[in-house]
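Subject: Structure for your files

Hello,

Please find the structure below. My notes on it follow.

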Amino acid sequence: MKEIEHIGIAVKDLNASNILYEKLLGKPPYKFEEVITEGVKTSFFEMGTSKIELLEASNADSPIAKFIEKRGEGIHHIAYAVEDIVGELKRLQQEGFILLNEKPKEGADNKWVAFLHPKSTGGVLIELCQDREIELKEFD
């Protein structure tokens with residue numbers, strides 16, 4: 001793992017949260033995106049080499065909607081940048097971590113993503129991110 005890529009924060013109202021974070025960070029989000037397959041609308045704020053991702057549910061069945069219903073707004077996940085997401089998934093599974101995604105999938109901000117179950121990571125949802133420009137290695 002190279003660095004913290006972003007911190008994901010679940011919010012009820014993306015527009016209101018964008019205003020709050022724009023005041024807090026002193027700059028507007030650089031990107032808005034909807035990931036239909038995940039039922040989420042996102043915005044991204046740059047913070048040095050890391051980012052803040054705000055996530056609003058776009059439907060009642062999405063993971064973000066369920067998270068907010070159960071826990072309320074707040075930190076949802078920490079994402080780590082990796083150079084070889086397939087290799088990292090294999091390594092982490094061998095180390096005993098529970099994979100929520102055995103294969104990477106397309107995520108927001110032009111990334112391949114995969115998640116580790118919080119039960120195996122001390123209660124924190126972990127996301128691995130790899131730039132989509134980097135070709136994925138073959139799965140075994």
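In which sense do S6 and S7 pair, and over how many bridges? They pair in the antiparallel sense, over three bridges; strands pair if DSSP finds at least two bridges between them. Helices (H or I, at least four residues) and strands (E, at least two) are DSSP runs, numbered from the N terminus. One of the bridges joins Lys-105 to Val-113 in S7.

Before the rest, two notes on the source. This is a predicted model, in which local features need pLDDT of at least 70 and side-chain atom pairs count only at pLDDT 80 or more, while totals for chains, interfaces and linings use all residues. Residues are numbered from 1 along each chain as its sequence is written, and side-chain values use heavy atoms, with hydrogens and water left out.

The sheet

Eight strands make an open sheet of mixed pairing, in the order S2-S3-S4-S1-S5-S8-S7-S6. Strand S2 (31-35) and S6 are at the edges with a single partner strand each, so one side of each has no neighbour in the sheet. On average, neighbouring strands are turned by 35° against each other, direction ignored.

Helix H1 (residues 14-25) lies across strand S1 (3-10), S2, S3 and S4, and runs at about 5° to S3. Helix H3 (residues 85-94) packs on the sheet and touches S7 and S8, its direction making about 155° with that of S8. Contact means heavy atoms within 4.5 Å; axes are lines fitted to C-alpha atoms, for helices over the stretch in contact, and angles run from 0 to 180 degrees between N-to-C directions.

Most residues other than glycine have a negative phi. Asp-109 is buried at 9% relative accessible area, whereas Asn-110 is partly exposed at 30% (buried is under 20%, exposed over 50%, partly exposed in between; 1.4 Å probe, protein chains only).

The largest pocket

A pocket is an open set of points on a 1 Å grid where a 1.4 Å probe fits, with protein on both sides within 12 Å along at least five of seven lines; lining residues have an atom within 4 Å of a point. The volume of the largest one, about 800 Å³, is the space filled by probe spheres set on the points. It is lined by 34 residues, and the closest to its centre are Pro-63, Ile-64, His-76, Phe-115 and Leu-125. H2 gives the most to the lining, six residues.

Regards
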